[in-house]
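Dear colleague,

Please find the structure below, together with its sequence. My notes on what was found in it follow.

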Amino acid sequence: MKPKSSNVQNHNSFLQNKLTSKIYLQFEKIVKKNIGSKSFVACISGGPDSLALAACSKIYSEKNLIKVFYLIVDHNIRANSALEAKRVQKNLLKISAKAKILTIKRTISRSIQKNARDHRYKIISDFCKKNKINYMLTAHHLDDQIENFYIRLSRGSGLQGLSSMKIAEKNKEKITIVRPFLSSSKKTLIQIAKKIFTT
């Protein structure tokens, strides 16, 4: 992807757009309420939803003068996973976001999706604890919320089991996960990413 501009330090054009401004202001409201001026980790996968997360996190960090850690996890499952992680890392440099790649060393061969998620949260949580960070942001969005509901419904979950993902909650490692995009569709986040990056 090539950027429309070298970085997002000039917030005006981004925030003057009606769509991007609406999403950013929702993001800012949630992050201010749950994190405030404390440092946090932004979990970046390289998809358009996480690129939108990176862009909003970058603007928030500059407006509030706080440190954001951009983390990319190499699950070490596919042969080219390390190369893919480096491509995402390079992509984030276009918005002046220096990302760190965390590589999962353990082999993931069974229940790949679940175990990959568990290992991902564990390695990010370990980074947080090592660096005394209490918050991580993920790019979960409205489509994820809907999908999660129907998966639980298909498994016969009761009313409590059907409860939605929360905007903020602590994980097993006592790190607070904040999901600022839960009311935004993936389609909208793709549009947000395209305001910064083009294919």
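Helix α3 lies across β2, β3 and β5, and its direction is at about 155° to that of β2. Here helices (H or I, at least four residues) and strands (E, at least two) are DSSP runs, numbered from the N terminus. Axes are lines fitted to C-alpha atoms, for helices over the stretch in contact, and angles run from 0 to 180 degrees between N-to-C directions. Contact means heavy atoms within 4.5 Å. Helix α4 also packs on the sheet, where it touches β2, β3 and β4, and its direction makes about 160° with that of β3.

Please note that this is a predicted model, in which local features need pLDDT of at least 70 and side-chain atom pairs count only at pLDDT 80 or more, while totals for chains, interfaces and linings use all residues. Residues are numbered from 1 along each chain as its sequence is written, and side-chain values use heavy atoms, with hydrogens and water left out.

The sheet

In what order do the six strands of the open sheet stand? The order is β4-β3-β2-β5-β7-β6, with mixed pairing; two strands pair if DSSP finds at least two bridges between them. The edges are held by β4 (99-103) and β6 (168-170), each of which has a single partner strand, so one side of each lacks a neighbour in the sheet. Direction ignored, neighbouring strands are turned by 30° against each other on average. Strand β5 pairs with β7 (residues 176-178) in the parallel sense over three bridges, and Met 136 stands opposite Ile 177 in β7.

The helices

Of the 17 residues of α3, 13 are buried, and the helix is thus mostly covered. Buried means under 20% relative accessible area, exposed over 50%, and partly exposed in between (1.4 Å probe, protein chains only). The end C-alpha atoms of α3 are 24 Å apart, which agrees with the 24 Å that its 17 residues should span at 1.5 Å a residue; the expected span is 1.5 Å times one less than the number of residues. Just after this helix, Leu 65 takes a positive phi of about 55°.

Ser 50 lies in α3 and is buried, with a relative accessible area of 2%. A polar atom of the Ser 50 side chain lies 3.2 Å from the backbone nitrogen of Ser 45. By contrast, Arg 87 is found in helix α4 and is exposed, at a relative accessible area of 55%.

Helix α2 has 17 residues and reaches 25 Å from its first C-alpha to its last, close to the expected 24 Å. Its buried residues include Ile 23, Phe 27 and Val 31.

The nonpolar cores

Which residues touch the most other members of the largest nonpolar core? They are Phe 27, Phe 40, Ile 44, Tyr 70, Leu 92 and Phe 181, out of 37 residues. A nonpolar core is a set of buried Ala, Val, Leu, Ile, Met, Phe, Trp, Tyr and Cys residues joined through side-chain atoms within 4.5 Å. Among the elements that give two or more residues to this core are α2 (18-34), β2 (40-44) and α3 (48-64). The largest share, eight residues, comes from α3. Apart from this core lies another, of 14 residues, among them Val 41, Cys 43, Val 73 and Ile 177.

Yours sincerely

Key. Polar contact = N/O pair within 3.5 Å; in protein donor to acceptor, adjacent residues only side chain to side chain.
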